[in-house]
Amino acid sequence: MGARLTGLLPGQLDEEQTELYRAIAGGPRAAGPQVFALTDTEGRLRGPFNAMLLSPTVGLALQAVGVAVRYGCVLGDRARELAILAVAAHWNSAFEREAHEAVGRAAGLTEPEMAALRTGTVPELADPGERAVLGTTRSLLRRGALSDEEYAATVSAVGERGLFELTTLVGYYATLALQLRVFAGEGP
């Protein structure tokens with residue numbers, strides 16, 4: 001995870017930590033093709049997941065939210081990754097950027113789109129739903145709220161459920177970015 005928090009090897013985990021480890025390393029994140037590693041070569045969890053082991057009860061709940069927003073939401077893969085990468089850029093989260101640029105590539109994001117997101121600019125997007133998701137994400141990151149017009153436009157594009165899931169996704173990835181800044185020393 002970085003210099004501030006020693007990574008735990010699988011053999012060092014207690015029963016609750018082992019349950020959390022299995023949920024992360026053996027759950028939906030581990031199914032299908034792997035575009036970024038969840039563990040290092042010795043089996044330690046990478047990125048924000050290692051810090052979750054400090055509090056397995058909270059870690060289990062938090063990782064379940066992550067699974068829900070990545071694998072159970074109505075937003076398309078590209079739209080979801082646009083939002084995640086906007087959060088990563090806003091918080092200067094190197095791990096999230098690295099991991100989700102790999103996922104974004106697999107979802108069809110182009111290098112110019114990802115380059116724009118890295119610099120905090122808006123890429124040209126043909127899909128109106130993707131434009132709405134990214135615009136909403138940027139508003140949430142800047143102001144933590146939506147105007148009535150933004151709310152109506154986003155609901156029109158992705159529905160109320162989509163907006164709820166998007167606000168949850170932005171909050172979840174902001175939480176991970178904060179934990180990475182604290183426990184891995186990411187950011188300024």
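How much space lies in the second largest cavity? About 40 Å³. Welcome to this structure, which is a predicted model.

- Seen from inside, the second largest cavity is lined by L85, A89, R97, E101, M114, L117 and R118.
- Helices α4, α5 and α6 are the elements that give two or more residues to this lining.
- The largest share, 3 residues, comes from α6.
- By type, the lining of the second largest cavity has 4 nonpolar residues, no polar ones and 3 charged ones.

**The largest cavity**
- The count of cavities of 30 Å³ or more comes to 2, and the largest cavity holds about 70 Å³ of space.
- To find the largest cavity, look for its lining residues: R29, F36, P48, F49, R70, F95, E96, A99, H100, Y172, Y173 and L176.
- Helices α5 and α8 each supply at least two residues of the lining of the largest cavity, with the largest share, 4 residues, coming from α5.
- This lining divides into 8 nonpolar residues, 1 polar and 3 charged.

**The largest pocket**
- The largest pocket contains about 290 Å³ of space.
- Its lining is made up of 16 residues, and those lying nearest the centre of the pocket are P33, V35, R70, Y71 and V103.
- Two or more residues of the pocket lining come from each of α3 (56-71), α4 (77-90) and α5 (94-107).
- Helix α5 gives the largest share of the pocket lining, 3 residues.
- Sorted by type, the pocket lining has 10 nonpolar, 2 polar and 4 charged residues.

**H100, a residue of the largest cavity lining**
- H100 is one of the residues that line the largest cavity, and H100 sits in helix α5.
- Is H100 buried or exposed? H100 counts as buried, because its relative accessibility is 2%.
- Leaving out residues up to four places away in sequence, H100 touches R70, E81, I84, L85 and Y173.

**N92, between two helices**
- The loop between α4 and α5 is the place to look for N92.
- N92 is not a glycine, yet it has a positive phi of about 50 degrees.
- N92 counts as partly exposed because its relative accessibility is 38%.

**Helix α7**
- Helix α7 covers residues 128-143, which makes 16 residues.
- From its first C-alpha to its last, α7 reaches 22 Å, close to the 22 Å expected at 1.5 Å a residue.
- At the start of α7, a side-chain oxygen of D127 comes to within 2.9 Å of the backbone nitrogen of G129.
- Just after α7, G144 has a positive phi of about 70 degrees.
- The buried residues of α7 are G129, E130, A132, V133, L134, T136, T137, S139, L140 and L141.
- These buried residues pack against α4, α6 (111-118) and α8 (148-183).

**T136, a closer look within α7**
- T136 belongs to helix α7.
- With a relative accessible area of 4%, T136 is buried, because the cut-off for buried is under 20%.
- Apart from neighbours within four places in sequence, T136 is in contact with L146, T154, L163 and L166.

How values were computed. Residues are numbered from 1 along each chain as its sequence is written. This is a predicted model: local features need pLDDT of at least 70, side-chain atom pairs count only at pLDDT 80 or more; totals for chains, interfaces and linings use all residues. Side-chain values use heavy atoms; hydrogens and water are left out. On a 1 Å grid over the protein atoms alone, a cavity is a set of points where a 1.4 Å probe fits but cannot get out, and a pocket is an open set with protein on both sides within 12 Å along at least five of seven lines; lining residues have an atom within 4 Å of a point. Grid points are joined across faces, edges and corners, and a volume is the space filled by probe spheres set on the points. Ala, Val, Leu, Ile, Met, Phe, Trp, Tyr, Cys and Pro count as nonpolar, Asp, Glu, Lys and Arg as charged, and the others, Gly among them, as polar. Buried means under 20% relative accessible area, exposed over 50%, partly exposed in between (1.4 Å probe, protein chains only). Contact means heavy atoms within 4.5 Å. The expected span of a helix is 1.5 Å times one less than its number of residues. A polar contact is a pair of N or O atoms within 3.5 Å; within protein, one must be able to donate a hydrogen and the other to accept it, and residues adjacent in sequence count only if both atoms are side-chain atoms.
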